[in-house]
Amino acid sequence: MIQIDVEAPGESGAREMLLDRTMGPDRHQKTSERLRENRLPASGLALVARDGGEIIGTVRLWNVAAGGRDALLLGPLAIAPERQSEGLGGKLMRAALNRAAMFGHGAVILVGDAEYYARFGFSAEPTQSLLMPGPVERKRFLALELRDGALDGACGMLVATGDWSAPPLSATDFPLVASPSGLDLADTSR
């Protein structure tokens, strides 16, 4: 029996193997990946489809700012090749969009096949004044407003806003060095 549920922390390896099989070795080169690098998915919005204990599908949503408006970036959506054409992608999409709306998010953005995603209400119109941090085909740059007007006036570059998967480097990550005056440069108590 197929179950759609939140991805468990220990399932990331199986998810990565599924993505390698379905999307190929160049998947990390995609522009959308720049917005996912070193970030955690939006809380409660990393979903998997399981058949027994096997992960056969995955979708994640990521926090972004779209021209100053809070939004989610969806992707990747992947179904095991041998399980495609069973409607699992649609089930994962509906579950992800329903959860995003339930959690109060206003809009979902993605880069993908316009014909496929139109059935869920996505179109290129809401992204006309938005940019990705790399090349993207405009006809594949799509959005869906979960709340009317969520992207009204949105203009500019999409920027990742989600939690870091590992904290960025800070001054405390480096050894303390004495200045020529003998003062500790990292010591701000003086």
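The second largest pocket of this predicted model has a volume of about 200 Å³. On a 1 Å grid over the protein atoms alone, a pocket is an open set of points where a 1.4 Å probe fits, with protein on both sides within 12 Å along at least five of seven lines. Grid points are joined across faces, edges and corners, and the volume is the space filled by probe spheres set on them.

The second largest pocket is lined by 16 residues (an atom within 4 Å of a point). Glu16, Glu33, Arg36, Arg60 and Trp62 lie nearest its centre. H1, H2 and strand S3 (54–66) each give two or more residues to this lining. H1 gives the most, with 3 residues. Helices (H or I, at least four residues) and strands (E, at least two) are DSSP runs numbered from the N terminus. The lining divides into 5 nonpolar, 3 polar and 8 charged residues. Ala, Val, Leu, Ile, Met, Phe, Trp, Tyr, Cys and Pro count as nonpolar, Asp, Glu, Lys and Arg as charged, and the others, Gly among them, as polar.

The largest pocket has a volume of about 600 Å³. Its lining comprises 26 residues, with Met23, Lys30, Val111, Gly112 and Arg140 nearest the centre. At least two residues each come from helix H1 (12–23), helix H2 (31–36), strand S5 (78–79), strand S6 (107–111) and helix H4 (114–118). Here H2 gives the most, with 4 residues. By class, 12 lining residues are nonpolar, 7 polar and 7 charged.

Residues are numbered from 1 along each chain as its sequence is written. Local features need pLDDT of at least 70 and side-chain atom pairs pLDDT 80 or more, while totals for chains, interfaces and linings use all residues; side-chain values use heavy atoms, without hydrogens and water.
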